[in-house]
Every structure is written in structure tokens, then in C-alpha cells.
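Hi,

Here is the structure I promised to pass on. Have a look at it first, and then read my notes below.

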Amino acid sequence: MSDAAVVRLPEPLRLREIAQDLFDALREKTFDGTGITRECYGEGENAAMEIYRETAERHGLKVRFDAAQNMIVSLPGDDGTKPALLLASHADSVPQGGNFDGGAGVVAALLTLIRIAAEGERPPCPVRAMVLRGEESAFYGRANIGSRLLFGTLDPKDMEAKRRGTGHTLRETLKAAGIDVEAAAAGRRMIDAATVKAYLELHIEQGPVMIARKFPTAVVTGIRGNLRHRSIMCRGEAGHSGTVPRWLRRDAVFAVADLLMRLDEHWMRLLERGLDLVVTAGVIGTDPNEHAISRIPGEVAFSFEVRSQSFETLEAFYELFRSECRAVSDLRHVKFEFDDRVYAEPARMDEGLVRKLLAASERLGLPTETLASGAGHDAAVFSNAGIPSAMIFVRNANGSHNPAEAMDIDDFMQGVALMHAFAVEGP
């Protein structure tokens with residue numbers, strides 16, 4: 001690295017100032033009136049990518065885009081020929097989400113590269129930042145689009161998934177972004193795994209554990225996978241609420257309610273046995289053009305999701321779910337119609353990288369705490385593709401996927417320090 005390429009930071013707190021400026025700019029550009037919306041391959045995500053690009057180039061870093069339109073940021077002097085440590089997270093958000101989900105990881109990666117360049121450090125392998133697109137499943141029902149494109153693991157059926165509200169398919173959206181949709185549909189890889197030595201992602205914790213235990217950072221041991229149906233239709237028979245007795249009703253709402261209570265009972269019993277499991281029906285409703293107080297609902301659409309760190313637990317609970325659907329169908333004379341099942345694999349973080357992160361935490365005086373991630377992350381895609389992967393969690397109040405996310409900047413800077421220490425030592 002030449003002296004001319006080195007960016008000198010005026011004083012130690014400058015990294016903190018850069019971080020705060022980035023978070024402020026992200027909020028200003030992607031605030032939707034209630035929260036943060038950065039739609040994948042859309043206006044909000046594009047705005048965030050431009051903020052990251054401008055910041056990287058202003059500090060002397062090199063920027064390019066890969067075949068999936070993810071952003072790659074590298075240090076001066078990195079000719080791209082050697083396998084690198086990737087510091088990564090995602091640029092998008094859910095609708096009306098928070099400012100730090102994804103954003104914290106990207107800002108941490110950029111700060112780490114800025115510090116390495118400014119201090120003239122020479123890590124044992126190249127260090128690059130990657131800003132991934134389309135991690136959230138909110139718009140197309142498929143998570144980790146940007147990373148799945150890289151490894152050719154988007155299902156061809158995912159390409160025809162329709163964006164909620166507009167009906168545009170993912171294929172149309174990706175094509176408009178300049179991505180080779182035929183290659184994507186064919187499952188062709190857009191990355192050479194040999195160019196990646198290891199993957200590290202910083203992310204806010206999206207649950208309450210770190211707040212409750214009062215530690216600012218933690219090292220992730222594993223990531224829950226999930227099985228989903230975007231939309232299941234329960235079909236019964238509509239009728240007049242005052243004229244059809246209970247024994248002749250085919251009420252879709254009561255059928256779905258019955259199903260969900262049965263699943264909740266199974267969930268509770270399995271938790272008592274020590275299994276890792278969460279179950280959610282996050283979307284549910286009758287047709288607004290038909291529902292009425294005096295009308296027995298004939299149709300109800302709902303989503304289904306089960307998450308676990310165990311593939312066996314996921315499959316076993318899914319079989320329970322289908323079995324209970326059959327039982328409710330027989331009892332209440334309704335029919336369940338299923339769309340395609342969507343699967344995101346659980347993942348384990350690399351044990352060697354976890355140990356290195358814990359050792360670095362100890363040297364920095366940070367907690368040597370480990371935690372499993374209930375939420376999915378791009379790190380799972382990289383791990384399941386055979387890339388040694390790890391994650392750092394930063395404490396965050398008020399949960400996530402909502403405007404009230406509240407990551408403290410002091411906690412964040414400790415997470416950045418941990419990422420930097422890991423990067424300069426090397427995976």
C-alpha cells in the first residue's frame with residue numbers, strides 16, 4: 001500500500017463520528033414516515049448502497065459490483081488474486097423497520113477497512129467488505145436473495161415469486177437490476193468460493209437476550225433455519241351467520257383457529273423436552289371484498305413458519321403440522337391448499353472462528369459470551385456453501401423489524417473493535 005493511498009484519521013473518535021454520520025444519512029434517506037424501508041433492488045436499498053459507495057470512495061477504498069449486484073469494497077493494493085476475509089451484511093430492510101438491521105454490519109465492515117487503511121496495517125490475508133442485497137424475505141417471501149444468487153441456490157420457483165402489492169415477479173426485478181436471470185434460474189454460481197477464505201458478519205441481536213443479560217457483544221454459535229409457506233388457503237363454505245347451525249358449518253376462521261391452537265400445544269410440549277423451536281403464523285386474513293359481520297367466512301389465507309437450529313426438528317414439526325391440517329379438515333369439513341414449501345437451511349458457525357472471536361473478546365475486555373441466532377442471516381448461506389463463517393452480535397433494545405430498534409453507539413463501537421481485532425489477526 002502506498003503512502004498516498006493511506007487515509008489519516010485526525011483522532012481516535014473519528015471512526016465513531018463516521019459511524020454516526022452514516023447512520024444519520026441512512027435514516028434520512030430511507031425513512032418512510034413511520035420507520036425505515038429499504039426494499040430489495042428498489043429505491044431504499046439503492047439509496048443505502050449509494051451512501052456506502054460514497055463513503056468508501058471518500059476514504060480511498062475501491063468499489064465494484066459482482067454479478068448479483070452486491071457491492072464489494074477493497075483496500076488499496078488488493079488486486080483481488082488472493083482469497084479474502086469477507087466482512088459483510090445486508091443493505092435492505094423490512095417495510096417500516098429499524099435503522100440498524102443490516103446497516104450496523106455494513107457500517108462496521110466499512111469502518112474496519114477505513115481503520116486498516118488509515119493505520120497502514122497488513123493483515124495476513126486480504127480483507128474486503130461485502131454489501132449484500134435482498135436479505136429480508138418481506139417482499140418476495142425468499143430471504144438471502146443476494147447471497148443465494150452467488151451460490152446458485154435460488155429455487156427456479158423463487159424467480160416467479162410475486163412482490164406483494166404490485167405482482168411483479170422476482171425474475172422481472174432481478175432483470176431490471178442487470179442480473180443474468182437465466183443463469184440465476186439455472187443455479188449457476190456467481191462467485192468462486194476459492195476467492196473467499198472466511199466470512200464474518202456483525203449484526204444487531206434481534207431478540208431480548210443480550211439486554212436481559214447485560215452484555216454488549218456476543219459471538220454467534222449457530223443460526224436457525226426455517227420451513228415456510230407464504231400462503232395457505234383454508235376453504236370452507238360461506239353462509240349466513242344466523243341460519244347455519246354449528247354442526248352444519250364449514251367455517252374457515254374457526255378451522256384455522258383450531259389448527260393454530262393445536263400447533264401451539266405441540267410447540268409447548270416440545271419446548272418442555274428441550275427442543276429448539278419457534279412457530280409463527282404472521283399473515284392471516286379473510287378476503288376484504290367478502291368478509292362481513294353476518295357472513296360465515298368461507299376462505300382464510302394464512303402463512304406458516306417454523307424455525308429451529310435442527311433440521312430434524314424442522315422436518316418433524318412440519319409433519320405434525322400437515323397431520324393436524326388433515327385432522328382439522330376431517331373434523332370441520334374444510335380443505336387446506338398449500339403453495340410451495342420454502343426452506344432455509346440451519347447453519348453452524350465455524351468452531352475455529354468462534355474460538356478466535358472469543359479470544360479476541362477476552363483480550364479487548366469484552367464478554368466471552370456465545371449465543372444462537374433465532375433469526376436467519378446471510379452467514380448461514382455462506383456456511384452451508386462450505387465457507388468458514390462467523391458472526392458477532394451487538395446488543396439492541398426493543399427487538400427488530402420495527403422502528404424502535406435501539407442499538408447504543410458505545411456497544412456498536414465495541415463490536416467494531418472486535419471485528420477489527422479479528423480482521424488484523426486473520427481467520
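A cavity here is a set of points on a 1 Å grid over the protein atoms alone where a 1.4 Å probe fits but cannot get out, and lining residues have an atom within 4 Å of a point. Grid points are joined across faces, edges and corners, and a volume is the space filled by probe spheres set on the points.

Before I go on, please note that this is a predicted model, where local features need pLDDT of at least 70 and side-chain atom pairs count only at pLDDT 80 or more, while totals for chains, interfaces and linings use all residues. Residues are numbered from 1 along each chain as its sequence is written, and side-chain values use heavy atoms, with hydrogens and water left out.

The lining is made up of T286, D287, E290, H291, R295, I296, P297, G298 and E299. By class that gives two nonpolar, three polar and four charged residues (nonpolar: Ala, Val, Leu, Ile, Met, Phe, Trp, Tyr, Cys and Pro; charged: Asp, Glu, Lys and Arg; polar: the others, Gly among them).

There is also the second largest pocket, with about 350 Å³ of space. Of its 18 lining residues, G77, D78, P123, C125 and P126 are the closest to its centre. The lining divides into nine nonpolar, three polar and six charged residues. A pocket, by the way, is an open set with protein on both sides within 12 Å along at least five of seven lines.

Now two helices (helices are DSSP runs of H or I with at least four residues, strands are runs of E with at least two, and both are numbered from the N terminus). Helix α1 covers residues 14-30, and its 17 residues should span 24 Å at 1.5 Å a residue, which agrees with the 24 Å between its end C-alpha atoms. The expected span is 1.5 Å times one less than the number of residues. Its buried residues are L15, I18, A19, L22, F23, L26 and T30 (buried means under 20% relative accessible area, exposed over 50%, partly exposed in between, with a 1.4 Å probe and protein chains only). Seen down the axis of α1, they fall within an arc of 130°, so they line one face of the helix; the arc is that of the directions from the helix axis to the C-beta atoms. Their cover includes α2 (43-58), α3 (103-118) and α12 (409-425), going by contact, meaning heavy atoms within 4.5 Å.

In α10, the buried residues are L353, V354, L357, A360 and S361. These fall within an arc of 125° seen down the axis, so they line one face of α10. The face turned away from that buried side carries the exposed residues E351, R355, E362 and R363.

One contact is worth a click. V381 lies in helix α11 (residues 378-384) and R148 in helix α4 (residues 145-151). V381 counts as buried at 9% relative accessibility, and R148 does at 3%. Leaving aside neighbours within four places in sequence, V381 is in contact with N144, S147, R148 and F151.

Last, some backbone angles. Most residues other than glycine have a negative phi. Q96, not a glycine, has a positive phi of about 50°, and H333, also not a glycine, has a positive phi of about 60°. Q96 sits in the loop between β3 (84-90) and α3, and H333 in the loop between α9 (311-332) and β13 (335-338).

Cheers
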